[in-house]
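Here is a protein chain to walk through step by step. Take a moment with its sequence and its structure before reading on.

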Amino acid sequence: MMAEAGAGGPRLAELLALGRRLWDELEASTEPSSGAPAVQDKVRQGLDALQRAAAMVAQLELFSENEELEEIASADLKFMLLPALLGALTLKQVDLSRRREHLETAREHFLRFLKLCRNYGLGSFQLSPGTSSEEGAGSPSAPRDPAQPNLVAMAMSRTAKIERYKQKKELENKLASMSSAVESGTADEDQIREFYILQIQKWIGTSLEEIESIEQELVILKSRDAARQAPAGSRGPSRPARAPVKPFILTRDAAQARVFGAGYPGLPTMTVDDWYEQRRRQGVVFQQGFGEPGSPPCPSPPAGASDEELQKQQQETEEEEDDEEALQKARDWDDWKDTHPRGYGNRHNMG
């Protein structure tokens, strides 16, 4: 297996080293925004390098489901990190229009990494059938042993989170103490192997945490998309527009109507009796409980008639019923104006 890796030349190792270096620079970046051109340029470069390296690993068949961890050469262990690094860099893309696509792609990278680690006995988690698109796609999931929680349940468990946090700190301390020897080339075979296995275990915890965050964000995005696509009718019927009603002053009797009319010549006045009579002719006020005994019920207004049409109909009816009573009211109003100046009824609050 080591010979096959070497057959790929130093190019494969260089691609992994480039992608890893760009990832470390992004993590240590002080840029105020992850959408800055310099940041996104590094993300694109890192993804390109890691994708090319992953294609070479697949072509060389460095990892197989039928082999044990001891059969992998120590120098090849570091290439197991490729899917995890691809998932981490995919999450750093900031195109909002493709956010859901990036989340799902990153989740697949992390799941591929975890599946690879599970096959070699690394980590204490358990993946259930149908967790990823590669396993059980299009078929119902097989019953799962409740004693072995699936990946999402493991990630969301409070106990598992605490345990992973402790392990992460321990792994970081060990890696920090071993990194200088490995990078300088003074470490022996066993130290190199342990160093890469510790890195893999650290990224197992990171992948579980990232998958949990991805699942939560996907739920939010799916709910938002469903709300946007909901038909307008499901939000409740809209009320039909009503024609505006012209304003008027409602008074208790004709005398009070004349007083208000003198002070507000531009605003019509109407007594309670006049208002009720108008509404009765329009069929709005029902006869029951208001009219005289034995009087016929008022007709209902025509279906779909607007207030403007009803007012027009009332005006025509009033013109036809120009009787002595209306003429007498007009005469009384003229007489009252001759003896009462304008604004007569509002002087009690002045000075």
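Predicted model: local features only at pLDDT ≥ 70, side-chain atom pairs only at ≥ 80, totals over all residues.

The chain has 351 residues, and 31% of them count as buried. Its secondary structure comes to twelve helices and two strands. Along the sequence, the order is α-α-α-α-α-α-α-α-β-α-β-α-α-α.

Now turn to the helix pairs. Two packed helices are described by the angle between their axes and by the distance between those axes.

Start with α3 and α4. Helix α3 covers residues 37–60. Its axis and that of α4 come within 10 Å and cross at roughly 155°. Angles over 145 degrees count as roughly antiparallel, so α3 is roughly antiparallel to α4. The crossing of the two is left-handed. On the α3 side, the contact is made by V43, G46, L47, L50, Q51, A53, A54 and V57. On the α4 side, L82, L85, L86, L89 and T90 take part. What classes of residue make up this contact of α3 with α4? Ten are nonpolar, three are polar and none is charged.

V43 is one of the α3 residues in that contact. This residue lies in helix α3. Is V43 buried or exposed? V43 has a relative accessible area of 1%, so it is buried; the cut-off is under 20%. Leaving out residues up to four places away in sequence, V43 touches L26, L89, K92 and Q93. Of these, L89 is also listed in the α4 side of the helix contact. V43 also pairs in space with L22: the two are 21 residues apart in sequence, with 7.5 Å between their C-alpha atoms.

Between α3 and α4 runs a loop, and E61 is found there. The phi angle of E61 is near 55°, a positive value in a residue other than glycine. E61 is exposed because its relative accessible area, 60%, is over the 50% cut-off.

Helix α4 covers residues 82–90, and helix α5 covers residues 99–119. Their axes come within 7 Å and cross at roughly 160°. That angle makes α4 roughly antiparallel to α5. This crossing, too, is left-handed. From α4, the contact takes in P83, A84, L86, G87, A88 and T90. From α5, it takes in H102, T105, A106, H109, F110, R112 and F113. By class, the contact of α4 with α5 has seven nonpolar residues, five polar and one charged.

Move along to α7 and α8. Helix α7 spans residues 158–184, and helix α8 spans residues 189–229. They pack at an angle of about 145°, with their axes 9 Å apart. The crossing of α7 and α8 is left-handed. Helix α7 brings K161, R164, K168, L171, E172, K174, L175, M178, S179 and V182 to the contact. Helix α8 brings Q191, E194, F195, L198, Q199, Q201, K202, G205, L208, E209 and E212. What does this contact hold by class? It has seven nonpolar, five polar and nine charged residues.

M178 is found in helix α7. Its relative accessible area is 15%, so M178 counts as buried. Setting aside residues up to four places away in sequence, M178 touches Q191, E194, F195 and L198. M178 and E194 are 16 residues apart in sequence, and their C-alpha atoms are 9.3 Å apart.

End with I197, a residue of helix α8. At 18% relative accessibility, I197 is buried. Which residues does I197 touch, not counting those up to four places away in sequence? They are L69, L77 and L122. I197 and S74 lie 123 residues apart along the chain, while their C-alpha atoms are separated by 9.1 Å.

Technical notes:
Residues numbered from 1 in each chain as written. Heavy atoms only, no water. Helix = DSSP H or I, 4+ residues; strand = E, 2+ residues; numbered from the N terminus. Buried < 20%, exposed > 50% of the residue type's maximum accessible area, 1.4 Å probe, protein only. Axes fitted to C-alpha atoms, helices over the stretch in contact; angles between N-to-C directions. Left-handed = near helix turned anticlockwise from the far one by under 90°. Contact = heavy atoms within 4.5 Å. Nonpolar A, V, L, I, M, F, W, Y, C, P; charged D, E, K, R; others polar. Parallel < 35°, antiparallel > 145°, perpendicular 65-115°, else oblique.
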